[in-house]
Amino acid sequence: MNFLSNILREEGGFDYKKAIVDSIVILIIDIPDAKENGLLHLCEFIEDCEFTYLSTQILHFLGIEGPKTSDPSKYIRYIYNRVILENATVRASAVSTLAKFGAMVNFLKPRIFVLLRCCLFDIFSALYTCVFSHFFCTFFKLVVAFEKVCTLHCCSKLAQFIALSCEPTI
């Protein structure tokens, strides 16, 4: 696993990096004892990953496997860094992954709620707002009837409504 992680940091194109990531994923799936170490290697890789597709695939995989580990909280920092530092596609994927952690790990739910709530005020990306609104509603099991085609305006208004109705009480 360390060998794969080391060569993942070297120069290489998309196909090269994808093959290495796929190999690490296979090891994680086939060898349960390799899961936590492998997930951490993938987390470190997305810190400097230049390929949007690979970042979103790793975040998706983290959302599935990360909550099942002995200490799922150690992945939250890596995921939240993608929310802050990446393009809209990766950010949306990171929000989805955070929501999965919050939905599956009860002791993380309050901390995830704070992180997701901060994300709600991102006014720079309508796509991000739409995706976030969907997962915010799923995460807290709010009953919201979305039409088959949810327009960005609709999602933006929903995000504003949720933000106003969840004002913090101090």
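A contact here means heavy atoms within 4.5 Å. On that basis, residues 24 or more positions apart account for 60% of the contacts in the protein with a separation of 6 or more. The model on screen is predicted.

**Whole chain**

Colour by accessibility next: of the 170 residues, 46% count as buried.

**Helix 2 and helix 4**

Select residues 14–30, which form helix 2, and residues 52–65, which form helix 4. Their axes come within 11 Å and cross at roughly 10°. Angles under 35 degrees count as roughly parallel, and helix 2 and helix 4 are therefore roughly parallel to each other. Now show side chains. On helix 2, the contact is made by F14, K17, K18, V21, V25, I28 and I29; on helix 4, by Y53, L54, I58 and F61. By class, this contact of helix 2 with helix 4 has nine nonpolar residues, two charged and no polar.

**Helix 6 and helix 7**

Move to residues 88–104 for helix 6 and residues 109–119 for helix 7. The two axes come within 9 Å, with a crossing angle of roughly 155°. Since angles over 145 degrees count as roughly antiparallel, helix 6 and helix 7 are therefore roughly antiparallel to each other. Helix 6 passes helix 7 in a left-handed crossing. To display the contact, pick V95, L98, A99, F101 and G102 on helix 6, then K109, I112, L115, L116 and C119 on helix 7. The residues of this contact of helix 6 with helix 7 divide into eight nonpolar, one polar and one charged.

**L98**

**The largest nonpolar core**

In soluble globular proteins, nonpolar side chains tend to be buried together. In this model, the largest nonpolar core has 38 residues, and L42, L62, I79 and L98 touch the most other members.

Definitions and conventions. Residues are numbered from 1 along each chain as its sequence is written. This is a predicted model: local features need pLDDT of at least 70, side-chain atom pairs count only at pLDDT 80 or more; totals for chains, interfaces and linings use all residues. Side-chain values use heavy atoms; hydrogens and water are left out. Axes are lines fitted to C-alpha atoms, for helices over the stretch in contact, and angles run from 0 to 180 degrees between N-to-C directions. Helices (H or I, at least four residues) and strands (E, at least two) are DSSP runs, numbered from the N terminus. Angles under 35 degrees count as roughly parallel, over 145 as roughly antiparallel, 65 to 115 as roughly perpendicular and the rest as oblique. A crossing is left-handed if the near helix is turned anticlockwise from the far one by less than a right angle, and right-handed if clockwise. Ala, Val, Leu, Ile, Met, Phe, Trp, Tyr, Cys and Pro count as nonpolar, Asp, Glu, Lys and Arg as charged, and the others, Gly among them, as polar. A nonpolar core is a set of buried Ala, Val, Leu, Ile, Met, Phe, Trp, Tyr and Cys residues joined through side-chain atoms within 4.5 Å. Buried means under 20% relative accessible area, exposed over 50%, partly exposed in between (1.4 Å probe, protein chains only).
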